[in-house]
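Visitor: I have a chain on my screen and would like to learn how to read it. Could you take me through it step by step?

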Amino acid sequence: MKFSKYHALGNDYLVLNPSDSPKCPEGADVVKICHRNFGLGSDGILFGPEKSERADFKLRILNPDASEAEKSGNGLRIFSRYLFDLGLVREDVPFKVETLGGIVKCTVSQMGNKISVEMGQVSFDSEKIPVTGNKREVLNETFEILGDKYSYCCATVGNPHCVLPMKKVSAELAHKIGPVIEHMTSLFPNRTNVQLLEVIDRSNIKIEIWERGAGYTLASGSSSSAAAAVAHKLGLCDPNIVVHMQGGLLQIEIAPDFSITMTGPATPVGKYEMNPAVLSQKIPENPL
């Protein structure tokens with residue numbers, strides 16, 4: 001099984017072309033492939049390009065726990081760079097990609113080093129995200145996590161996000177409360193991505209990310225889109241926002257209708273041919 005590996009600000013994916021593997025990996029095989037110690041190691045698998053009746057290409061996005069993501073901003077930038085490297089798309093010529101979270105328009109420029117993705121329209125509607133309870137915009141609500149109260153807002157960019165505005169964010173806090181919030185299925189029936197949001201000024205925010213199905217993540221395009229949209233919705237930031245993450249910076253532009261354009265890099269890492277023995281091994285539950 002042959003893979004191409006890329007990273008987008010440290011968020012890495014393995015791209016698997018259907019021409020190399022007609023069947024998309026699933027279940028335990030995905031977990032083994034993505035494992036940092038027992039497999040090739042990645043934050044997920046991008047399976048494509050597949051044929052689409054609605055767009056130029058179709059993409060499936062698999063998380064390291066084998067769940068399937070509706071959309072990934074970093075994954076879409078990586079997939080766009082992969083298509084460019086294969087010569088399937090041209091520089092500065094937009095193309096469309098179908099995902100579970102909708103169709104997006106992508107553009108590769110600067111010889112593949114700059115990629116823009118029109119992520120779609122952000123919604124704060126509880127039914128669209130989804131969040132349980134009465135239909136509403138989920139803004140400035142509160143819950144208690146591990147004995148502490150937090151204010152939160154929720155949004156969808158084709159996948160669910162819970163954004164917690166706070167004075168100071170940290171990776172330690174993301175590790176602590178992220179997994180708890182992700183699995184609050186009484187509130188988030190499809191689980192949720194989690195972002196801790198710190199507003200630096202009207203044009204800059206900082207976020208720490210706990211990604212649904214992947215865990216702590218150095219960068220995320222959809223998380224950046226959701227967090228920036230929340231900051232703008234709350235009146236804390238202007239519509240053009242630079243998102244600061246552990247892995248680097250992303251530019252987010254927010255239109256009046258809250259449609260998002262995300263711009264950032266994607267970097268090729270290498271090509272790998274995985275030994276079939278990876279799939280036949282048993283991974284210890286708690287390896288030392």
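This is a predicted model: local features need pLDDT of at least 70, side-chain atom pairs count only at pLDDT 80 or more; totals for chains, interfaces and linings use all residues.

Visitor: How many helices and strands does the chain have?

Guide: The count is 5 helices and 18 strands.

Visitor: What does the radius of gyration tell me about the chain?

Guide: The idea is to compare the value with that of a compact globule: for 288 residues that would be near 19 Å, and the chain's 18 Å agrees. Along the principal axes, the C-alpha atoms fill a box of roughly 50 × 45 × 30 Å.

Visitor: What share of the residues is buried?

Guide: A residue is called buried when its relative accessible area is under 20%. In this chain, 54% of the 288 residues qualify.

Visitor: How many aromatic pairs are there?

Guide: The structure holds 4. Planes over 60 degrees apart count as edge-to-face. Phenylalanine 57 and phenylalanine 95 have planes at 85 degrees and ring centres 6.0 Å apart, so they form an edge-to-face pair. Phenylalanine 57 sits in strand β4 and phenylalanine 95 in strand β6, 38 residues apart. Both of these phenylalanines are buried.

Visitor: Which parts of the chain do phenylalanine 124 and phenylalanine 258 tie together?

Guide: Their rings are also edge-to-face, since the planes stand at 85 degrees, with centres 5.6 Å apart. Phenylalanine 124 lies in the loop between β8 and β9, and phenylalanine 258 in the loop between β16 and β17, so the pair ties together parts 134 residues apart in sequence. Phenylalanine 124 and phenylalanine 258 are both buried.

Technical notes. Residues are numbered from 1 along each chain as its sequence is written. Side-chain values use heavy atoms; hydrogens and water are left out. Helices (H or I, at least four residues) and strands (E, at least two) are DSSP runs, numbered from the N terminus. The radius of gyration is taken over C-alpha atoms; the globule rule is 2.2 Å times the number of residues to the power 0.38. Buried means under 20% relative accessible area, exposed over 50%, partly exposed in between (1.4 Å probe, protein chains only). Rings of Phe, Tyr and Trp (its six-membered ring) pair if their centres lie within 6.5 Å; planes under 30 degrees apart count as stacked, over 60 as edge-to-face and the rest as tilted.
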